[in-house]
Amino acid sequence: MNIETNVEIHAVVRAADILGEVPLWCARSRRLWWIDVRRPALQYYEPSTGRHAALRLHPDLVTGAIALRESGGFVLAAQTGFHYYDPAAGTPATLIANPEENRPGMRLNDGKCDRRGRFWCGSMHDTLREPLGTLYRLDPDLGCHRMLSGFVLPNAISWSPDDKTMYFADTHRQVIWAFDYDIDDGAISNRRVFKDWTHQAGRPDGATVDAEGYVWNCMVAAGHLVRLAPDGRVDRCIQLPVTNPTCPAFGGDDLSTLYITSHSQRFTPEQQAREPLAGALLALDVGVRGLPEPRFAS
């Protein structure tokens, strides 16, 4: 695998996130939003002004994923379930559903909306690395459906541009799967291995799909950003200035900038000194554009 080391990469926000995750571009606000799972905090970066702000969330809202809401604000996926939250309103988050209620130690992790406004999100135990996680689908009518189970650390939920393929990974097992996707019914079938990383350095974390249908995946613990062709072939591999990139997202008015979150979780002061960009929000131009971020349709 040829690793590119000469790509220009910018640290646009030196946030020193403990666990930066799930960036997404909001075309309405022209802001890149993401979270620090461990603080917990909802953050944004405004490319037009360079402004960065971190909005502290309630300690009970250890949030693993966010989705833009069609009517404004966000859906938060937290250890206490799915919540509506609008920072502009200045009101507390409102519970929608808690599919992991009465399961101590569980929380919701990576998630994204499909292009019909359904929010897909996986759960995990926050400390145990055991197959206790479930993949859920939250519908616009607020029905919450259990779709698959038996996952350790769910990640990389994303869709092909034609909505016919859904991608999903278990970071702990180092495997990305592909499913046939029925966009009308929100149904998945024909699960198969898309990319097996078990014999490679790093583990598949968050992912996004570009306008050409290629999957961009962050390889945590290896510092790699990998572009995978629709057949699973490695098309590109870019070396990043952080060991633990977590999730990519295309942003900017023309969706031509690829933003990447990262983490400094469990770093000693010595490790942080050796890797000053750990936890930063990175940005680079990879020569392709992304797809608009869908919104939760409720």
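Which residues have the most contacts inside the largest nonpolar core? I worked on a predicted model, in which local features need pLDDT of at least 70 and side-chain atom pairs count only at pLDDT 80 or more, while totals for chains, interfaces and linings use all residues. Residues are numbered from 1 along each chain as its sequence is written, and side-chain values use heavy atoms, with hydrogens and water left out.

Entry 1, cores. I took a core as buried Ala, Val, Leu, Ile, Met, Phe, Trp, Tyr and Cys residues joined through side-chain atoms within 4.5 Å, buried being under 20% relative accessible area with a 1.4 Å probe, protein chains only. The largest has 34 residues, and Trp33, Leu42, Ile66, Val75, Phe82 and Phe119 have the most contacts inside it. Strand β7 (residues 74-78) gives the most to this core, 5 residues. I took strands as DSSP E runs of at least two residues, numbered from the N terminus. A second, separate core holds 16 residues, among them Trp216, Val242, Phe250 and Leu277.

Entry 2, sheet. I counted strands as paired if DSSP finds at least two bridges between them. An open sheet of 4 strands runs β1-β24-β23-β22, with antiparallel pairing. β1 (9-13) and β22 (245-251) are at the edges with a single partner strand each, so one side of each has no neighbour in the sheet. I then looked up β23 (residues 257-262) and β24 (residues 281-284), which pair over 3 bridges in the antiparallel sense. Tyr259 has Ala283 of β24 as its bridge partner.

Technical notes
Buried means under 20% relative accessible area, exposed over 50%, partly exposed in between (1.4 Å probe, protein chains only).
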